[in-house]
Amino acid sequence: MAVLGYMNPFKVYRDFVRSPIESFVSEQYTGYKKKTNESITSVKELLYRAGVVSVFLSAILWISIFLYVVFYYTYMPNVTHVRPVHLQFKSCDENMGVCSFPSAHVQLTRRTHMLMSSQPYRIKLLLEVPESQINKDLGMFMVCAQMRASGGVLVSSSCRSAMLRHRSKLHQIMRTLVYAPLLISGLNEEKQIIQVELFSDFEDDQTLPVTDAYVELQSRFVQVLSCELQIEAHFTGLRYVMYYWPKTSALIGISSNLFFVSVIFILSWYHLQDGLPDFIKNKLGIEIKNEKEEDDKKFFGKVKLEREDSFPFIEEETLLEEFQRLEEKKKSISPAVE
């Protein structure tokens, strides 16, 4: 019967063809599925870690940029303040012309202060004057300014001389011929701009911040088209570098902030990673410390130490017991001998 069973073609086909093929295919499929699942899990973990790292890096970068921007706008003052100057004077009653020195009150700010303390400033008065014969014959004249705090308290005052630039008759004729089309069309005018530097190194006092300026031209015959007051910050040291080399200073500042912020993030991460949930630790590949095992190790260590420490005491007790037994035997033997 067994021989007939082996001669059955269906059984031979099932045992030697179909079953090996099915087992081989199932093994290959199972191995491939296992590898695929492992690769998918590893890819997910890799993407998760890359996402966490990218989020942290972007946060550190933007925090560094934000800190530098805040420092720049806090540390760097406004470069230039420009205020128009409207000159006023007293007209003559009988004669034509001006009967008082032209003067003006310039309100720099309505707040408590405008200028940054401990920062040098250059204060200039720009006079736009026509090249009239009166101004040419006038020669030099004085320009005075007073810087006052709120309440009219005098902080500083200064007076400087000014005059038109001299041009010879030949120079004037040639200039007029060259610029004749522009002069006729009104695109150019026969005028000069006089820059009078009133304060070359002015520093605002924090206790008495400047809020107003008073300007006076000490000449009744000067003719002025327009006038404005310019206050320019004179940078030195770090402010000079940050203003004239903004890209280099920004690169250095952001890199420094990036270093310190990265150190703070790393220290905070190592300090707080023990308090993270277990599933996050598994995603990030952090070893999970088992507190029970550590406590058991500590407990067994303590017990072992106690046993090692108590061993000599146990030996001494056994020796005393043996000694007492020998003494009792001696006492019991001595009456029997007598």
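This is a predicted model: local features need pLDDT of at least 70, side-chain atom pairs count only at pLDDT 80 or more; totals for chains, interfaces and linings use all residues.
1. Glu-131, Arg-167, Gln-172, Arg-175, Thr-176, Tyr-179, Leu-183, Asn-188, Glu-189, Glu-190 and Lys-191 line the largest cavity. By class, six of these lining residues are charged, three are polar and two are nonpolar. Helix α4, residues 169-178, provides the largest share of the lining, with three residues.

2. How much space does the largest cavity hold? The largest cavity has about 120 Å³ of space. If you go looking for others, a search of the whole structure finds one cavity of 30 Å³ or more.

3. Two of the residues that line the largest cavity, Glu-131 and Arg-167, also deserve a look as a pair. Their side chains meet in a salt bridge, with 2.3 Å from N to O. The pair links distant parts of the chain, 36 residues apart: Glu-131 sits in the loop between β3 and α3 (133-138), and Arg-167 in the loop between β5 (154-162) and α4. Glu-131 is buried because its relative accessible area, 14%, falls under the 20% cut-off. Arg-167, at 24% relative accessibility, counts as partly exposed.

4. Glu-189 and Lys-191, which are also among the cavity-lining residues, form a salt bridge as well, and their closest N and O atoms are 3.8 Å apart. Salt bridges with shared partners bring Glu-128, Glu-189 and Lys-191 together in one network. Lys-191 is partly exposed at 30% relative accessibility, and Glu-189 is partly exposed with a relative accessible area of 45%.

5. How many salt bridges does the structure hold? There are four salt bridges. One of them joins Glu-232 to Lys-124, with the closest N and O atoms 4.0 Å apart. Glu-232 belongs to strand β8 (residues 226-233) and Lys-124 to strand β3 (residues 121-130), so this pair ties together parts that are 108 residues apart in sequence.

6. Now for the pockets. The largest pocket holds about 350 Å³ of space. It is lined by 20 residues, and those that lie nearest its centre are Phe-89, Val-98, Arg-220, Val-222 and Gln-223. The lining of the largest pocket divides into 13 nonpolar residues, six polar and one charged.

7. The second largest pocket has a volume of about 290 Å³. Of the eleven residues that line this pocket, Val-52, Val-53, Phe-56, Ile-266 and Trp-269 lie nearest its centre. The elements giving two or more residues to this lining are α2 (9-75) and α7 (246-272). Which element gives the most to the lining of the second largest pocket? That is α2, with six residues. By class, this lining has nine nonpolar residues, one polar and one charged.

8. Finally, please turn to the surface. Phe-71, Leu-238, Tyr-240, Val-241, Tyr-243, Tyr-244 and Trp-245 form a nonpolar patch there, and together they have about 680 Å² of accessible area. Helix α6 (residues 238-244) gives the largest share of the patch, five residues. Tyr-243 lies in this helix, α6. Why does Tyr-243 count as partly exposed? Its relative accessibility is 33%, and partly exposed covers values between the 20% limit for buried and the 50% limit for exposed.

Terms used:
Residues are numbered from 1 along each chain as its sequence is written. Side-chain values use heavy atoms; hydrogens and water are left out. Patches are made of residues with over 30% relative accessible area and no salt bridge: like charges are joined within 9 Å, nonpolar side chains (Val, Leu, Ile, Met, Phe, Trp, Tyr) within 5 Å. Accessible areas come from the Shrake-Rupley method with a 1.4 Å probe; for residues, only the protein chains shown count as cover. Helices (H or I, at least four residues) and strands (E, at least two) are DSSP runs, numbered from the N terminus. Buried means under 20% relative accessible area, exposed over 50%, partly exposed in between (1.4 Å probe, protein chains only). On a 1 Å grid over the protein atoms alone, a cavity is a set of points where a 1.4 Å probe fits but cannot get out, and a pocket is an open set with protein on both sides within 12 Å along at least five of seven lines; lining residues have an atom within 4 Å of a point. Grid points are joined across faces, edges and corners, and a volume is the space filled by probe spheres set on the points. Ala, Val, Leu, Ile, Met, Phe, Trp, Tyr, Cys and Pro count as nonpolar, Asp, Glu, Lys and Arg as charged, and the others, Gly among them, as polar.
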